[in-house]
Amino acid sequence: MGRFTSLVRQALLAVLMASPTVVVAETAARYEAATGSVHVTGLEHTHRAKLLASPDLITLRVAGAASTRGTPFRASETPDAVVITPRFALRQGADYELDLDGLTLRIALPAPNAPRPELVGASPSQGVIPANTLRMYLHFSEPMAVGQIRDAVRLLRADGSEVFSPFLTLGPELWDRSQTRVTLLFDPGRIKQGVGPNTSVGAPLVARERYRLLVSGAMESAAGTALGSEVAVAFRVGPAERRPIDPASWQILKPPAGTLVPLTLAFDRIIDTGAVRRLVSLYDALGRKVKGRIETDGGGWSLTPEQPWLSGNYSLVIDPELEDISGNTPGVPFDAAAGTIGTAQDAVRLQITIEP
């Protein structure tokens with residue numbers, strides 16, 4: 001019996017000596033929705049160092065895609081993982097392949113469980129806009145994914161032909177903080193009279209023509225849910241607006257004292273809605289800013305006060321940086337005819353007297 005036990009111990013010792021002393025964890029890729037990044041764990045130290053030193057050995061792309069081009073990303077590391085952070089949000093519900101210098105891992109993102117986004121508005125909202133309009137805004141019901149405007153938005157003429165490259169293609173898209181409003185900038189070089197692009201290619205918009213701004217149904221929210229159907233914004237183009245803003249030409253509808261009736265301005269043109277909210281203010285006789293609800297569609301502005309109006313004098317202050325949708329400011333036209341000289345000025349103040 002003792003001899004048998006000794007033989008068993010020798011056999012076990014031989015097996016242990018022949019077995020590897022280091023257990024290598026299985027390489028795995030995990031998607032983290034909170035950060036939008038992919039964490040790769042279980043890589044051998046040399047493989048990990050090689051990938052971090054040469055990120056071009058890493059490719060992240062949609063599984064089964066015909067193109068070999070991958071999604072742009074930034075590679076970093078934590079104590080236990082290589083972290084792949086895509087420049088643009090990955091599509092929820094899609095499958096991705098992560099190639100690590102010949103080692104391919106598959107990543108399945110969960111299907112989105114988020115409301116379908118809608119295009120809830122476009123501004124200017126007026127049916128006729130100037131031929132030298134510089135900006136348009138699209139408003140969505142949900143935060144939208146960045147990096148898709150170039151392919152998702154097109155401008156068509158009435159005959160169905162597409163306007164070539166009407167908007168500036170910028171590296172960072174011009175979303176607001178909530179990612180529900182994006183600014184579309186018409187190429188100013190094609191609008192401003194007498195400069196190269198204007199003379200060689202022509203302006204994007206032509207007076208007396210009709211257009212449709214098309215937003216692709218494939219455009220996605222930040223949660224990965226698509227609009228679902230194409231949306232069209234139709235408008236007509238009128239004459240160019242090349243005059244500086246003149247607040248003295250605005251119509252002012254004054255409310256009676258003791259009421260909460262809004263004080264209303266009617267502009268003589270379309271003013272940039274984002275600018276007018278920030279750059280037009282009302283002050284009472286003691287120099288205190290009047291607080292209340294501001295509303296504007298670019299064609300007018302109204303202020304409904306938190307407290308009833310008092311009798312007396314008020315001062316409407318217009319910042320010199322205020323712009324209409326053609327880029328004109330008080331005293332300075334953006335796209336003036338050759339030889340025209342504008343004069344920059346300080347803030348414009350209009351006195352308003354509210355009576356009982």
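A residue is termed buried under 20% relative accessible area, exposed over 50%, and partly exposed in between (1.4 Å probe, protein chains only). By that criterion, buried residues account for 39% of the 356 residues in the protein. The model is predicted, so local features need pLDDT of at least 70 and side-chain atom pairs count only at pLDDT 80 or more, while totals for chains, interfaces and linings use all residues. Residues are numbered from 1 along each chain as its sequence is written, and side-chain values use heavy atoms, with hydrogens and water left out.

Begin with the whole chain, coloured by secondary structure. The protein has six helices and 21 strands (DSSP runs, H or I of at least four residues for helices and E of at least two for strands, numbered from the N terminus).

Next, select strands S17, S20 and S21. They form an open sheet of three strands in the order S17-S20-S21, with antiparallel pairing (two strands pair if DSSP finds at least two bridges between them). Strand S17 (280–283) and strand S21 (348–354) stand at the edges, each with a single partner strand, so one side of each lacks a neighbour in the sheet.

Within this sheet, focus on strand S20 (residues 312–318), which pairs with S21 in the antiparallel sense over seven bridges. Display Tyr-314 here: opposite Tyr-314 stands Ile-352 in S21.

Finally, move to Leu-170, in the loop between strand S11 (153–157) and strand S12 (181–185). Leu-170 counts as partly exposed because its relative accessibility is 38%.
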